[in-house]
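Trainee: I would like to go through the terms used for this structure and check each one against its cut-off.
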Amino acid sequence: MSETLQTTDVAASDADLLAQTVSAVRAAGAALRERFGDVVRYQSREELMHALAVNDNTTLDILRPRLTRLRPEAGWVEDELDGGALPPGEWWVVDPSEGNVNHLHALPEWAVTATLVRENQPVLTVVHLPLTGETYSALTGAGAHLDGRPLHVSPTTDLGLSIVATSQARPDEDEKVVRRVGSSITAMLFDALVVRVAVPATLHLMNVAAGRIDAFWQFAGARADLLPGALLVTEAGGRISDAAGRPWTPQSRSFLAAAPGVHAEAVTTLSR
């Protein structure tokens, strides 16, 4: 069998896998939508963690068996706060309720995501927004799409005309990281047109891929936060790096995704 034919077969197999992953993520999203509505009240950290776990388990009960059937040999990552490199092989990196706290507070910014990582490179990803029914997807080498329509990053070339975004530090983050987040927001307030600060990261990155936001940055961060958006933005024509402009990997301590025309300016601003 020729190398070309082997590559084509793998691409066709991954395309079919993407379609089946879309189906699984949408089914999980429908279950999570059934739980959405009233604000969930909690009086302690323990009660909060329990409420978050109930949401996660609602989607994992659907996602885990379906994705495992698709790739029985693949590993499984479901802790959305984990970071760093994965062991060799294939892994499902899943955030069963991205923006879980928003969901509990009856806010609309939440999603269900699943990403297949092969040898530490994202191969395909699905981000589903159950409230709108929208599904964002990307396949390496085949582009990024919203419900089948191709996505393209912004053509903006001036950071001063750009909408940019970041998310806050995660709970119990190191004080130095928290202060770095704050100083970076201040720097962007001087240089960008509009600065948006909210969680979750994936929804900002989805908007970068769709050309609605021109750049997103984050310090520290987790695999489940960044891998889906990294693939979406890359396949939509954007640039991915760390905040200093160096190649990004899951071990990097910062992250920047931007339209090519403002990437260099964003690096300069974040380096101040």
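Predicted model: local features only at pLDDT ≥ 70, side-chain atom pairs only at ≥ 80, totals over all residues.

Mentor: Residues are numbered from 1 along each chain as its sequence is written, and side-chain values use heavy atoms, without hydrogens and water.

Trainee: Why does Ile-163 count as partly exposed?

Mentor: Buried means under 20% relative accessible area, exposed over 50%, and partly exposed in between, with a 1.4 Å probe and protein chains only. Ile-163 has 28% relative accessibility, so Ile-163 counts as partly exposed.

Trainee: What does Ile-163 touch, not counting residues up to four places away in sequence?

Mentor: Among them are Val-194, Arg-196 and Asp-214, where contact means heavy atoms within 4.5 Å. The C-alpha atoms of Ile-163 and Asp-214 are 5.6 Å apart, although 51 residues separate them along the chain.

Trainee: Why is the pair of Trp-248 and Phe-255 called edge-to-face?

Mentor: Rings of Phe, Tyr and Trp (its six-membered ring) pair if their centres lie within 6.5 Å; planes under 30 degrees apart count as stacked, over 60 as edge-to-face and the rest as tilted. Here the centres are 5.1 Å apart and the planes are at 80°, so the pair is edge-to-face.

Trainee: What makes a nonpolar core, and how many residues has the largest?

Mentor: A nonpolar core is a set of buried Ala, Val, Leu, Ile, Met, Phe, Trp, Tyr and Cys residues joined through side-chain atoms within 4.5 Å. The largest has 55 residues, and Phe-216 and Phe-255 are among those with the most contacts inside it. Another core, of 22 residues, lies apart from it and includes Trp-92.
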